[in-house]
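Subject: Handover of a structure and notes on it

Dear colleague,

Please find the structure below, followed by an account of what was found in it.

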Amino acid sequence: MIKFLLMVNKQGQTRLSKYYDPVEIGRRAAMEADVVKGCLSRKKEECSFVEYKDFKLVYRQYAALFIVVGISDTENELSIYELVQNFVEVLDKYFSRVSELDIMFNLDKVHIILDEMIQNGHVVETNKNRILAPLLALDKMADS
């Protein structure tokens, strides 16, 4: 099960956080800081899977952004690694070369994309066209 997904920049600033497992608000900031520090301090040659407390972290770097996913011990790390790649490809398809600014100024749309892919901590859709269909329909209604 996916516990959370974070998007952070190289300075460690969280740009997106989505939790599927309840975490107290007071603990979130400390946990995010610890998780981000652990991932940002790793070298590019090191593995993208990290054991952290009672779960595992899968992270991937895209330009200035890191996407970090916290998963349970039973979840397949490689499938989550590919899910992150798919998520970025969907963002690229929608935003035409997604950037950190696209995420910051269109956070609602990024959450819609994420919600189409992951529900209750489980992957429900990976097809790019089906993921984008509701968002494109909303855009079409807004243009009318």
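A residue is called buried when its relative accessible area is under 20%, exposed when it is over 50%, and partly exposed in between, with a 1.4 Å probe and protein chains only. Helices (H or I, at least four residues) and strands (E, at least two) are DSSP runs, numbered from the N terminus. This is a predicted model, in which local features need pLDDT of at least 70 and side-chain atom pairs count only at pLDDT 80 or more, whereas totals for chains, interfaces and linings use all residues. Residues are numbered from 1 along each chain as its sequence is written, and side-chain values use heavy atoms, with hydrogens and water left out.

Strand 4 covers residues 55–62. Six of its eight residues are buried, so strand 4 is largely enclosed by the rest of the structure. Two strands are taken to pair if DSSP finds at least two bridges between them. On one side, strand 4 pairs with strand 3 (residues 49–52) in the antiparallel sense over four bridges, and F55 is the bridge partner of Y52. Two residues lie between these strands in their hairpin, where K53 takes a positive phi near 50°. Strand 4 also runs antiparallel to strand 5, to which seven bridges join it; there Q61 has F66 as its bridge partner. This hairpin likewise has two residues between the strands, and A63 takes a positive phi near 55°.

K56 belongs to strand 4 and is buried, with a relative accessible area of 9%. Contact means heavy atoms within 4.5 Å. Leaving aside neighbours within four places in sequence, K56 is in contact with residues including V50, E51, D73, E75 and E77. K56 and I2 lie 54 residues apart in sequence, with 9.7 Å between their C-alpha atoms.

Strands 1 and 2

Strand 1 and strand 2 (residues 14–19) run antiparallel and are joined by five bridges. Their hairpin has four residues between the strands, and G12 in the turn has a positive phi of about 90°. M7 stands opposite L16 in strand 2. Beyond neighbours within four places in sequence, the contacts of M7 include L16, I67, F87, L91 and I103.

Nonpolar cores

A nonpolar core is a set of buried Ala, Val, Leu, Ile, Met, Phe, Trp, Tyr and Cys residues joined through side-chain atoms within 4.5 Å. The largest one has 28 residues, and I2, L5, M7, I67, V69, F87 and I113 have the most contacts inside it. At least two residues of this core come from each of strand 1 (2–9), strand 5 (65–71), helix 2 (77–95), helix 4 (107–117) and helix 5 (128–143). Helix 2 gives the largest share, nine residues. A second, separate core of 16 residues includes L6, V35, V36 and Y52.

The largest pocket

On a 1 Å grid over the protein atoms alone, a pocket is an open set of points where a 1.4 Å probe fits, with protein on both sides within 12 Å along at least five of seven lines; lining residues have an atom within 4 Å of a point. The largest pocket holds about 260 Å³ of space, a volume being the space filled by probe spheres set on the points, which are joined across faces, edges and corners. Its lining has 14 residues, of which Y62, A63, D92, V98 and S99 are the closest to its centre. Strand 5, helix 2 and helix 3 (100–105) each give two or more residues to the lining.

Yours sincerely
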